[in-house]
Amino acid sequence: MCTVCGCRSGETRIEDGAEHSHGHHAHHHRHYGTGDAGASVPGMSQSRLIQLEQDILSKNNSYANANRRYFAEHGIFALNLVSSPGSGKTSLLVETLKRLGKTHACYVIEGDQQTTNDADRIRETGVPALQINTGKGCHLDGHMIGHALERLATKDGAYVFIENVGNLVCPAAFDLGEAHKVAILSVTEGEDKPLKYPDMFAAADVMLLNKTDLLPYVDFDVEIATANARKINPDIKVLTVSAQSGDGLEDWVDWIGTARAELFAGCSATDAAE
Amino acid sequence: MHEMSLCENILGILLDEAASQNFSKVDRVCLEVGPLSGVEPEALRFGFDVVTRGSLAHGAQLDIFEPEATATCAACGTTAVIQDRFDPCPSCGSHLLKIKTGEELRIKELEVS
């Protein structure tokens with residue numbers, strides 16, 4: 001079992017690379033039972049107290065920060081898309097890439113427990129995609145993304161979209177190094193979802209209300225959903241979109257461009273990359 | 001249910017500390033888990049027992065300290081204890097609350113031998 005990413009070795013799989021492997025990174029981490037803590041330390045038998053004050057997610061955060069540095073050095077703008085299963089993340093991503101991919105280098109990292117279906121759908125648009133299968137894992141973490149970036153060989157100045165495992169709980173806690181988390185909520189779900197899953201909507205900077213073409217057929221009030229999200233996160237940006245009809249997609253793509261410009265404002269290295 | 005991978009993170013930290021601070025057994029682990037950390041303390045206890053089985057922390061006592069969640073209202077400036085992220089300001093009813101405490105997810109201290 002990998003102590004860093006919490007995945008079980010042999011269970012998390014990144015496409016094209018057989019299974020999740022270690023040893024090619026500059027970092028060191030051990031597998032349980034084989035580490036040096038298995039050996040007894042002579043001369044240390046007295047009980048003592050150690051004040052640690054260490055964040056439990058500190059390792060994930062250090063991998064996420066390494067990813068963030070990589071993105072900054074290469075002028076890459078990365079988004080982490082989170083939602084329940086079935087909110088239309090992949091369809092939305094496909095439509096986004098059809099627009100953004102014409103003029104910009106884009107890459108997608110797909111997280112699912114099993115199958116390469118989503119990465120296959122993305123690749124049909126001509127955009128390089130890499131599937132991570134988390135096995136029993138419920139979220140992507142910073143370490144997995146670091147491995148995926150090694151495989152993707154991203155161009156400088158690119159856009160990287162990370163489609164997290166469909167789960168409104170666990171991915172909230174794991175920073176991947178992205179510029180923003182984007183929470184997608186479809187109108188076929190409840191307006192109260194931000195209240196039911198507050199941690200995710202607190203962690204996200206943007207909420208996309210998807211499947212708005214279905215609004216005439218469902219009992220969903222956009223205003224109420226927006227108010228609920230803002231009870232959790234007063235600053236959250238809300239956009240309504242339909243991957244099916246294309247409504248709102250231009251605003252969404254515009255937001256991506258603006259957010260990228262804001263992130264890299266004043267960064268000359270990025271200007272050069274573009 | 002990411003408590004299991006959090007426990008694996010805890011064990012990873014214990015192993016690192018064992019190497020750098022020269023100990024071979026962990027007798028007690030004290031955690032600080034805020035009510036807004038997204039973590040269920042009971043699930044964490046369950047995961048801790050499973051993950052530490054056969055390790056240097058096998059059988060270690062797990063103390064979980066749960067601090068209060070507090071937030072400051074951007075509308076009226078009041079700082080108050082809240083229960084949930086969607087609570088309004090108890091003073092003016094606004095939802096413009098900035099969380100101050102309650103998101104902690106930390107190992108506070110260890111008792112080792």
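**A helix of chain A**

Tutor: Helix α4 of chain A (residues 142-152) is mostly covered, with eight of its eleven residues buried. Here buried means that 20 or more other C-beta atoms, placed from the backbone, lie within 10 Å of the residue's own. Helices are DSSP runs of H or I with at least four residues, strands are runs of E with at least two, and both are numbered from the N terminus.

The model is predicted: local features need pLDDT of at least 70, side-chain atom pairs count only at pLDDT 80 or more, and totals for chains, interfaces and linings use all residues. Residues are numbered from 1 along each chain as its sequence is written, while chains are lettered from A and ligands numbered from 1 in the order in which they are written.

The buried residues of α4(A) are G142(A), H143(A), M144(A), I145(A), G146(A), H147(A), A148(A) and L149(A). Just after α4(A), A153(A) has a positive phi of about 50°.

Chain A also meets chain B, in a contact that takes 41 residues from chain A and 36 residues from chain B. Residues are in contact if their C-beta atoms, placed from the backbone, lie within 7 Å. On the chain B side, α1 (3-21) and β6 (105-112) each supply at least two residues, and α1(B) gives the largest share, 13 residues.

How values were computed: Two residues are in contact if their C-beta atoms, placed from the backbone, lie within 7 Å. A residue is buried if 20 or more other C-beta atoms lie within 10 Å of its own, exposed if 12 or fewer, and partly exposed in between; C-beta atoms are placed from the backbone.
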